[in-house]
Amino acid sequence: MKKVLFSLLSIGLGFTFAGHAQAAGIPHFINYFEITAHQLGMESALSPAVGALFVTLILAILGLSFRSYVNSSLANPVPSDRFGLVVFIELIAGFVTDLTKDLIGTSYKTFLPLVGTLFFFILFNNLLGLVPGFPPATESMSTNLAMGVIVFFTYNIFGIKAQGIKSYLAHFGGPVWWLFPVMFVIELISHSFRPVSLSLRLMGNIFGDHMLVGVFTGLTYVVVPSLLMFFGLLVAFVQSFIFTLLSAIYISMAVSHDH
Amino acid sequence: MESQAGLIAIAAGLAIGLGAFGAAGGQGRAAAAAFEGIARNPSSKDDVFTPFLLGLAFMEFQAILSFIIAIMLVGKF
């Protein structure tokens, strides 16, 4: 336990120093105003698109190597006894599979690729944000809104496909027929706010955490930012979990038949 | 514009302060209830955990909104 804590602390300290080494000419690595300017789209060193590209590359390499590992271990399916990359991927994939199966039910295999990809993409982007100098793509509203809109179209299209357009629209109408005009407007607003709220939640959390680390790096230089980075690790996992969970819940609400 | 700068600063501080106040209160109540439930019935841990986290996310969203508004206000300087 002590060893783990110590190594975590030293990793955080290493990241902090790396951030300072990179920003040799600039007095504060990511200071408050730089992030604000970056958020308003004025200027930035590395755009979030670079982060997204990097994560996509990492995910492609990881996926291909995991695939070749699975193919090679078909003859001798004994799990590895030490905690490596393969075990890590198996852990996350199993977790996402269980989550999707619990929430969506029998037709979970249709949606598992989407939900699993979202989880991996968001998680790796969030973790990339903890490395100084890399802008996480989830910090930008464009990436998050794109993912939110994909989820929105997915659950609407599959909901209509599963229930038929008449029965699907009847969900919007409320319990009794004379409430239809009121309920329809309310439900329409609530549904169209869903992708916005999904993406705003992720953006606010990651951007806020990034800014917190930046401000404390500017103030104290050592020790304190590494503790906040540990907190950021927690936020990275929880936020990717929340995004995936909410997407799965929206999909399951749209495709379920019990009404 | 000179006289508005102080007002904007006060507004930004109030926005994030009040947002954090409400969200922290709500999250504290939710956490207290969840932990009490788990303490009374430890086997319900797995069932309580996911809805608990979901509720926290919804409460945190209000704080996140006020944070975004505070950032937008500060960007007006």
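Okay, let's start with Thr138(A): leaving out residues up to four places away in sequence, Thr138(A) touches Ile122(A), Asn125(A), Asn126(A), Asn144(A), Met147(A), Leu202(A), Met203(A) and Ile206(A). Keep in mind that this is a predicted model. Where does Thr138(A) lie? Thr138(A) is in the loop between helix 5 and helix 6 of chain A, with helix 6 covering 141–163. And Thr138(A) counts as buried, because its relative accessibility is 0%.

Now, helix 5 itself. Helix 5 of chain A, residues 108–128, and helix 9 of chain A, residues 224–255, have axes that come within 8 Å and cross at roughly 160 degrees. So helix 5 of chain A is roughly antiparallel to helix 9 of chain A, the cut-off for that being over 145. As for handedness, helix 5 of chain A passes helix 9 of chain A in a right-handed crossing.

Who meets whom? On the helix 5 side of chain A you have, among them, Phe111(A), Leu118(A), Ile122(A) and Asn126(A), and the helix 9 side of chain A includes Leu233(A), Phe237(A), Gln239(A), Phe241(A) and Ile251(A). By class, this contact of helix 5 with helix 9 of chain A has 15 nonpolar, 5 polar and no charged residues.

Last stop, chain B. Leu56(B) sits in helix 2 of chain B, residues 45–74. Is Leu56(B) buried or exposed? Leu56(B) is buried, because its relative accessible area is 18% and the cut-off is under 20%. Setting aside neighbours within four places in sequence, Leu56(B) is in contact with Gln27(B) and Ala30(B). The C-alpha atoms of Leu56(B) and Ala24(B) are separated by 9.7 Å, with the two residues 32 apart along the chain.

Methods:
Residues numbered from 1 in each chain as written. Chains lettered and ligands numbered in written order. Predicted model: local features only at pLDDT ≥ 70, side-chain atom pairs only at ≥ 80, totals over all residues. Heavy atoms only, no water. Axes fitted to C-alpha atoms, helices over the stretch in contact; angles between N-to-C directions. Helix = DSSP H or I, 4+ residues; strand = E, 2+ residues; numbered from the N terminus. Parallel < 35°, antiparallel > 145°, perpendicular 65-115°, else oblique. Left-handed = near helix turned anticlockwise from the far one by under 90°. Contact = heavy atoms within 4.5 Å. Nonpolar A, V, L, I, M, F, W, Y, C, P; charged D, E, K, R; others polar. Buried < 20%, exposed > 50% of the residue type's maximum accessible area, 1.4 Å probe, protein only.
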